[in-house]
Amino acid sequence: MSETSVHPTSVVSPSATLGPGVEIGPFCVVHDNVVVGDGSFLESHVVLGSPTAGYYADPRGYEPEPCRIGPSAIVRSHTVVYAGVTVGESFECGHRVTIREGSVVGASVRIGTNSDLQGHLTAGDYVRIHSNVFVAQHSTIEDFVWLLPNVTLTNDPHPPSDTCTVGPTVRRYAVVSAGATVFPGVEIGEGALVGAMSLVRHDVEANTVVVGVPARVLGPTSEVTCDDGKLDRVYPWWSHFRRGYPEGVLPNS
Amino acid sequence: MSETSVHPTSVVSPSATLGPGVEIGPFCVVHDNVVVGDGSFLESHVVLGSPTAGYYADPRGYEPEPCRIGPSAIVRSHTVVYAGVTVGESFECGHRVTIREGSVVGASVRIGTNSDLQGHLTAGDYVRIHSNVFVAQHSTIEDFVWLLPNVTLTNDPHPPSDTCTVGPTVRRYAVVSAGATVFPGVEIGEGALVGAMSLVRHDVEANTVVVGVPARVLGPTSEVTCDDGKLDRVYPWWSHFRRGYPEGVLPNS
Amino acid sequence: MSETSVHPTSVVSPSATLGPGVEIGPFCVVHDNVVVGDGSFLESHVVLGSPTAGYYADPRGYEPEPCRIGPSAIVRSHTVVYAGVTVGESFECGHRVTIREGSVVGASVRIGTNSDLQGHLTAGDYVRIHSNVFVAQHSTIEDFVWLLPNVTLTNDPHPPSDTCTVGPTVRRYAVVSAGATVFPGVEIGEGALVGAMSLVRHDVEANTVVVGVPARVLGPTSEVTCDDGKLDRVYPWWSHFRRGYPEGVLPNS
């Protein structure tokens with residue numbers, strides 16, 4: 001692996017640690033106490049180690065928590081990752097992603113353009129988050145979960161309040177379709193499917209389909225059929241869809 | 001208060017006025033006729049005084065309206081504020097916020113990441129706008145209003161048209177929950193609550209709850225109960241939630 | 001037309017071609033093999049010719065497809081256009097627009113702030129896309145279509161899958177209102193109107209109104225009336241709304 005390559009326009013703190021083979025494009029800002037793992041790419045206009053509110057309360061006394069990304073990350077342009085975030089290996093994100101402080105993101109995660117992870121949340125390994133997804137603080141997203149475009153995970157049942165704040169939990173292999181909104185504290189069970197534009201107010205059992213505003217149970221995911229007949233069995237999705245997953249990480253189909 | 005601090009990479013017009021203690025991060029663009037009040041922070045990649053359409057029609061003849069922000073503002077990265085915008089003191093915004101021309105924003109307002117204020121609108125004091133909110137032109141948002149993530153205020157009942165254009169009015173203390181869309185010209189009454197993912201086609205009375213697609217009246221906000229029993233009285237929200245408000249600005253609880 | 005004007009901070013590849021009168025603002029990145037037509041403006045923090053996934057798989061062997069924009073384009077700040085995109089003349093976009101590879105966009109198209117065109121799609125002439133619209137890969141948007149804020153065009157009926165992927169087709173003059181989501185493969189007929197926050201699962205006939213979750217037929221667009229009586233005839237919209245269209249391109253009203 002080659003030397004690090006930092007575009008001369010970028011502003012990189014002397015206290016940042018860049019692994020071998022790291023490539024940083026133009027107009028990036030890498031703040032203090034950032035660690036970028038080997039072979040990671042940053043496109044242009046990226047900010048790593050963005051300061052938390054503590055900086056503005058006391059700029060001189062502020063000591064940033066570390067921000068760790070990679071190795072082998074691809075961070076696309078205009079993305080902002082805060083101090084106090086840990087992102088595992090082989091991360092890939094779209095443009096203008098935001099990940100706020102206190103977030104722990106697993107390995108081999110992909111996050112789409114304009115998505116906004118509000119912080120103090122966990123996302124497991126192989127999580128797939130599409131474009132423009134909003135994840136409230138204190139959400140839990142387990143391994144192999146899919147959140148499609150414009151999904152919203154909320155954390156305040158009676159806004160604004162301080163006393164009831166807790167995000168949803170999305171169990172592994174679950175799929176939340178485009179435009180769905182999930183209520184605070186709701187648990188989406190393992191392998192469950194939430195239909196597009198659904199409003200999920202109550203827990204969803206494992207391997208169950210819910211749809212509607214508000215969402216109601218349609219039946220087991222095993223009964224979902226493919227409209228054009230190209231798939232004999234649609235769910236569990238890993239029975240036919242394995243693109244991007246190394247051999248052995250998904251159940252046998 | 002100390003000197004102004006402008007990162008050497010930033011491009012600041014000689015006709016901009018920066019108060020004492022202003023701190024401007026890397027890669028910002030501050031156009032002509034911008035005024036930044038004392039003690040304000042601009043993070044990186046921010047644009048203030050962004051040109052209106054008139055510039056592109058006649059670049060040499062263009063004379064920008066002033067853009068005024070602060071004092072004591074925190075403008076986070078990749079935000080764009082147009083010429084012809086006035087934002088009051090103690091403003092704070094997330095990343096990639098857009099505020100277009102003709103907007104007047106009050107004091108102590110917070111606007112979340114990716115929100116898009118389309119211009120020619122007013123927002124009062126202590127307004128709280130979360131992430132990814134869209135506010136159409138000619139909307140009115142009174143003091144102490146909350147707009148939760150992905151709320152959309154629209155202004156054209158028969159798109160596209162020129163003759164019917166008027167935005168919603170949201171009266172003080174009202175709360176519009178995540179993903180709700182409000183029709184043009186609709187008035188959300190003082191202290192009203194719009195449920196998540198509701199489509200609001202008609203005026204909402206003061207202190208009234210509406211939910212659904214299309215929204216229907218559920219009852220008075222005084223009857224909303226807290227699912228986990230932690231709150232005896234949920235609304236008015238200022239009876240229990242006062243974080244971030246100086247003493248004396250909210251009604252007595 | 002005057003000389004090209006490139007802000008000294010911007011990074012422009014020697015293999016990019018800039019027409020006469022092109023003006024490029026600060027902190028832009030113009031990659032290899034980009035062509036910007038005469039008289040086009042790029043605001044600040046724009047990226048043209050953004051690399052596709054092939055670059056990250058093999059940086060040294062990567063050869064970018066051309067990225068062509070203009071003439072007479074206005075590309076607002078923080079926008080990203082990929083290699084392998086062709087955009088016609090008189091293009092105008094808001095801030096932070098994304099257009100990914102394999103997209104062919106016609107002439108006189110406008111795309112609003114934060115909209116995300118996922119690539120491998122076509123958009124015709126005079127298409128109007130508002131803020132924060134998501135267009136999935138393999139979508140087809142014909143001439144004179146309007147997509148209002150937060151519209152989502154999806155392309156996977158059984159996410160995640162590989163076998164059923166196809167985007168919607170929106171026929172000319174059709175209008176999709178704010179917050180509507182359209183299912184994969186659905187055809188929205190010529191001149192049709194989709195109501196706000198509708199979920200469109202089935203094809204919509206020409207000149208027909210659909211609304212709801214899921215969407216149901218309301219009737220012909222010719223029967224839509226204007227609430228405040230200012231318009232005798234609301235649809236077809238081009239019978240009263242012709243702003244921004246040169247004479248002769250719309251049908252006679």
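I started with one residue pair: B:Thr140 stands opposite B:Thr169 in E24(B). This is a predicted model, where local features need pLDDT of at least 70, side-chain atom pairs count only at pLDDT 80 or more, and totals for chains, interfaces and linings use all residues. Residues are numbered from 1 along each chain as its sequence is written, with chains lettered from A and ligands numbered from 1 in the order written.

Next I looked up the strands around that pair. E21 (residues 140-141) and E24 (residues 169-170) of chain B pair in the parallel sense over two bridges. Strands are DSSP runs of E, at least two residues, numbered from the N terminus; two of them pair if DSSP finds at least two bridges between them. In chain B I found an open sheet of nine strands, ordered E3-E6-E9-E12-E15-E18-E21-E24-E27, with parallel pairing. Its edge strands are E3 (17-18) and E27 (187-188), each pairing on one side only.

Then the chains. I see 37 residues of chain B in contact with 27 residues of chain A, contact being C-beta atoms, placed from the backbone, within 7 Å. That side of chain B divides into 18 nonpolar, 14 polar and five charged residues; nonpolar is Ala, Val, Leu, Ile, Met, Phe, Trp, Tyr, Cys and Pro, charged is Asp, Glu, Lys and Arg, and the others, Gly among them, are polar.

I laid chain B on chain A: RMSD 0.0 Å, by a turn of 120° and a shift of 0.0 Å along the axis. The two copies are therefore related as by a three-fold rotation axis. The superposition is least squares on C-alpha atoms of residues with pLDDT of at least 70 in both.

Technical notes:
Contact = placed C-beta atoms within 7 Å. Helix = DSSP H or I, 4+ residues; strand = E, 2+ residues; numbered from the N terminus.
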